[in-house]
Amino acid sequence: MGRHHQAASSLTGGAGARLRVGVGSVGAVGVSLLAMGAPAVAAPATAPGSATPCAPTAKACVDISAKKAWLTDGHGTVVYGPVPVTTGGKGYETPTGTFSVMWKDEDHRSGEYDGAEMNNSVFFAPGDAFHEGSLQRDSAGCVHLSHAASEKFFDSLNVYDQVQIVP
C-alpha cells in the first residue's frame, strides 16, 4: 500500500480514537482507481477572476509552485487563505489533479515513517494528506500546513469534498 496507510480494521476507530472518518475500507473511493493505475482526473479550467488557480468547485486548492493553499465555499469564493504550504520533494512528489477527501484522522501517526505525528490529517489520495508539518522542508508527498491552518483544514473539509492540486 502507499504512504501512511492503515489496515481497514483500524479505520473503524476504537478505544482512544478521537476522530476517524473514512469512506468504507481503506480508500474504497481512491485506492481502487489509483491502484489500477488510473491517472488523476484532469483539472477543470480555472474560473475567470478566481482568487485561486483551481476550479470553483474545489473546496481545497493547492498551488505547488506558489507554495500556497486556500479553502473555498465550493462556489469559487475563498473563505480561508492563502496559507503557506510545503509539498513533496524530489522522488516523493505530491500528486496533482482533482481528488475527493477520503478520510480524516485528528491524531494520525505514520505507519511508514517511524510513527511520525501527522496531526489533523485529511487524506485526499492514498497515502497523501493535508496535515500539520514543517514549512521549512519538503514532505514525503503530503501537504504540510502550519498548526493553525491544519486545524482549519481539518475542521472545514468533509469526506467527499473536492480537493484540487495544481503544479
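1. In this predicted model, Cys142 has a relative accessible area of 2% and therefore counts as buried. Cys142 sits in the loop that runs between strand 8 and strand 9 (143–145), and the "active site" annotation in the unreviewed UniProt entry covers this residue together with His131.

2. The other annotated position, His131, belongs to strand 8 (residues 128–132), and with a relative accessibility of 4% His131 is likewise classed as buried. Leaving aside residues up to four places away in sequence, the contacts of His131 include Cys142, so the two residues named in the UniProt record touch each other in the model, both of them under the 20% limit for burial. Val143, His144 and Leu145 are also among the residues that His131 touches, as are Met118, Asn119, Asn120, Ser121 and Ser150.

3. Turning to charged pairs, the structure contains two salt bridges. One of them joins Lys59 to Asp161, with 3.9 Å between the closest N and O atoms. This pair connects distant parts of the chain, since 102 residues separate Lys59, in the loop between helix 2 (31–35) and strand 2 (60–63), from Asp161, in the loop between helix 3 (147–156) and strand 10 (162–166).

4. The surroundings of Asp161 deserve a separate remark. A polar atom of the Asp161 side chain lies 2.8 Å from the backbone nitrogen of Asn158, and this residue also forms the salt bridge with Lys59. When residues up to four places away in sequence are not counted, Asp161 touches Phe99, Ser100, Val101 and Ser156 as well as Lys59.

5. The other salt bridge is formed by the side chains of Arg109 and Glu117, at an N to O distance of 4.0 Å. Here Arg109 is partly exposed, with a relative accessible area of 35%, while Glu117 reaches 53% and so counts as exposed, the limit for that class being over 50%.

Key:
Residues are numbered from 1 along each chain as its sequence is written. This is a predicted model: local features need pLDDT of at least 70, side-chain atom pairs count only at pLDDT 80 or more; totals for chains, interfaces and linings use all residues. Side-chain values use heavy atoms; hydrogens and water are left out. Helices (H or I, at least four residues) and strands (E, at least two) are DSSP runs, numbered from the N terminus. Buried means under 20% relative accessible area, exposed over 50%, partly exposed in between (1.4 Å probe, protein chains only). A polar contact is a pair of N or O atoms within 3.5 Å; within protein, one must be able to donate a hydrogen and the other to accept it, and residues adjacent in sequence count only if both atoms are side-chain atoms. Contact means heavy atoms within 4.5 Å. UniProt positions are given in the numbering used here, feature names are shortened, and annotations may be inferred rather than shown by experiment.
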